[in-house]
Amino acid sequence: MNKFAYTCAALLAVLFLACPAFAASPVSMTIRPNLVTIGTGFNGTKVTVTGEVPQGTTAVIRLLGEPRNKTFKKKGKALGLLWMNLGAVEIKGVPDVFLVGTDGSSRVDWEHSDLAFRSVKGDTEDWIYDEFIKLMEEDGFYQVENGVIQYTGEEGDMRTFRAELSIPSAMHQGVYRIEVLSVKDDKIVDMAAEELHTQLTGLPAFLSKLAFQHSLLYGVAAVIIAILAGLFMSLVFKERGGAH
């Protein structure tokens, strides 16, 4: 009976250690602030990320927006003469924002790494995805910041870190996921994640509410503003012309 009990206990211990549901993650993280307000003068900000990763690993921070399907026009020469739209290319399930922060110690090509942008590539062709990344980088939605993670000390078998991740001005209202990856030999050992919320305030919030809840009024107001702006510019150029 004792032998049977010991055997069962050993099996339970193995299952407990092997099952991810029971395994406690050694990676910890805190983000401050976890709410970013976007007002009229918003020109980007920084979010502080602190935490711990196991000794012998490096920390990598990722910020991901909501997954969306992106559609782009495919251009080419018709009959070998004229450049025209020859169809559309759709990339499915890619985040609208993807920011990466590193400690700068790795020589990884992050644009082509499975730890960064390539992790959400799916079955998209390489050349199409490369062009997509270039477009997103130009618009400021995909960025890599090397050297933003600083290790601040050691506590037992853990190393503490601190990072300031830049939040671009192009961010929109929504919920974003910030992940801290514990990486060794270019592979993810463990990870932790928290949510970052962005919220419109002031005039941007008013205009967004007007556009979605009172679309007709918003459209009329936009037309009136465009007419007034056109009249103002015509008066300015008329006065300058008269001055000569």
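This is a predicted model: local features need pLDDT of at least 70, side-chain atom pairs count only at pLDDT 80 or more; totals for chains, interfaces and linings use all residues.

**Stop one: a helix**

Select residues 126–138, and you have helix H2 on screen. Its 13 residues reach 18 Å from the first C-alpha to the last, close to the 18 Å expected at 1.5 Å a residue. Now show the side chains of Ile-128, Tyr-129, Phe-132, Ile-133 and Met-136: they are buried. They cover an arc of only 140 degrees around the axis, so they sit on the same side of H2. Past the helix, click on Gly-140, which has a positive phi, near 85 degrees.

**Stop two: a sheet**

Next, bring up the open sheet of four strands, which run in the order S1-S3-S10-S9 with antiparallel pairing. Select 28–32 for S1 and 149–155 for S9; these are the edge strands, each pairing on one side only. On average, neighbouring strands here are turned by 20 degrees against each other, direction ignored. Zoom in on Glu-155, and look for its bridge partner in S10, Met-158.

**Stop three: a serine**

Finally, pick Ser-182, which lies in strand S11, residues 174–184. Is Ser-182 buried or exposed? Its relative accessible area is 0%, so it counts as buried. Show Thr-57 too: a polar contact of 2.9 Å joins its side chain to that of Ser-182. Beyond its neighbours within four places in sequence, Ser-182 is in contact with several residues, including Val-27, Val-53, Pro-54, Ile-188 and Asp-190.

Note on methods: Residues are numbered from 1 along each chain as its sequence is written. Side-chain values use heavy atoms; hydrogens and water are left out. Helices (H or I, at least four residues) and strands (E, at least two) are DSSP runs, numbered from the N terminus. The expected span of a helix is 1.5 Å times one less than its number of residues. Buried means under 20% relative accessible area, exposed over 50%, partly exposed in between (1.4 Å probe, protein chains only). The arc is that of the directions from the helix axis to the C-beta atoms. Two strands pair if DSSP finds at least two bridges between them. Axes are lines fitted to C-alpha atoms, for helices over the stretch in contact, and angles run from 0 to 180 degrees between N-to-C directions. A polar contact is a pair of N or O atoms within 3.5 Å; within protein, one must be able to donate a hydrogen and the other to accept it, and residues adjacent in sequence count only if both atoms are side-chain atoms. Contact means heavy atoms within 4.5 Å.
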